[in-house]
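Thanks for sending this one over. Here are my notes, point by point, to read with the model open beside you.

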Amino acid sequence: MTGVQTCALPIFPIFDKAPPEKLGVFEVDLKTRSVKKLPGSNGLWVPRWSPDGRYIVARSLDSQALMLFDFETQAWAELVRGVYFGFANWSADGKYVYYLRRGKEPAVLRVRIADGKTEEIASLKDVRQTGFRGAIWMGLAPDDSPLLLRDIGTQEIYALDLQTP
């Protein structure tokens, strides 16, 4: 893995409506400057490399599936489907992928890589989330606590009375 980085083609499908064959997950060898598209990655985007370098998780173009690439088998497998996914993040130990469930029942969830078991970590039902053009962001603290952006700005207006001496 030394000197090799993974990136997605620099086309953002929400804005550019790129066809699936133009999107994918690419390996870039920084020493040789060679670029190689991972097999079977058409229509996948927003890749995240596991801490140990064995896996990559990426979202489907419609954000309805999380796909897992195993470098040992050189194959993709569906990790989770049927949820509109937001940001995916690897746990510090690489055993879980945390992600946002968007829609009517928003929440932070995680899926265990070993067996695909999914569990809800926190409901976001009454949390007004925010992000750039609907791209709601989530990250993880070093202890895997979820970090979120919350909108408390434009809907809440306060009046302050200033009294000076």
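Is Phe 69 buried or exposed? With a relative accessibility of 0%, Phe 69 counts as buried, where buried means under 20% relative accessible area, exposed over 50% and partly exposed in between, for a 1.4 Å probe and protein chains only.

1. Ground rules. This is a predicted model, so local features need pLDDT of at least 70 and side-chain atom pairs count only at pLDDT 80 or more, while totals for chains, interfaces and linings use all residues. Residues are numbered from 1 along each chain as its sequence is written, and side-chain values use heavy atoms, with hydrogens and water left out.

2. Rings around Phe 69. Ring pairs link Phe 69 with Trp 49, Phe 71 and Trp 76 into a cluster. Rings of Phe, Tyr and Trp (its six-membered ring) pair if their centres lie within 6.5 Å; planes under 30 degrees apart count as stacked, over 60 as edge-to-face and the rest as tilted. The count comes to four aromatic pairs by this rule. Phe 69 and Phe 71 have ring centres 5.0 Å apart and planes at 85°, so they are edge-to-face. Phe 69 and Trp 76 also have centres 5.0 Å apart, but their planes are at 50°, so this pair is tilted. Both Phe 69 and Trp 76 are buried.

3. The first sheet. Strands here are DSSP runs (E, at least two residues), numbered from the N terminus, and two strands pair if DSSP finds at least two bridges between them. S4 and S5 are joined by four bridges, and Arg 48 stands opposite Val 57 in S5.

4. The sheet S8-S9-S10-S11. This is an open sheet of four strands, again antiparallel in its pairing. S8 and S11 (118-123) are the edge strands, and the twist averages 25° from one strand to the next. S9 and S10 pair over six bridges in the antiparallel sense, with Arg 101 opposite Ala 107 in S10.

5. Cores. A nonpolar core is a set of buried Ala, Val, Leu, Ile, Met, Phe, Trp, Tyr and Cys residues joined through side-chain atoms within 4.5 Å. The largest has 16 residues, and Val 57, Trp 90 and Val 97 are among those with the most contacts inside it. Strands S5 (55-60), S6 (65-70), S7 (75-81), S8, S9 and S10 (107-112) each give two or more residues to this core. A second, separate core has ten residues, including Val 25, Ile 56, Met 67 and Phe 69.

6. Ser 91. Worth a look, too: Ser 91 is in the loop between S8 (85-90) and S9 (96-101). Ser 91 is buried, with a relative accessible area of 1%. A polar atom of the Ser 91 side chain lies 3.2 Å from the backbone nitrogen of Lys 95. Leaving aside neighbours within four places in sequence, Ser 91 is in contact with Pro 51, Tyr 96, Tyr 98, Leu 140 and Asp 144.

Terms used
Polar contact = N/O pair within 3.5 Å; in protein donor to acceptor, adjacent residues only side chain to side chain. Contact = heavy atoms within 4.5 Å. Axes fitted to C-alpha atoms, helices over the stretch in contact; angles between N-to-C directions.
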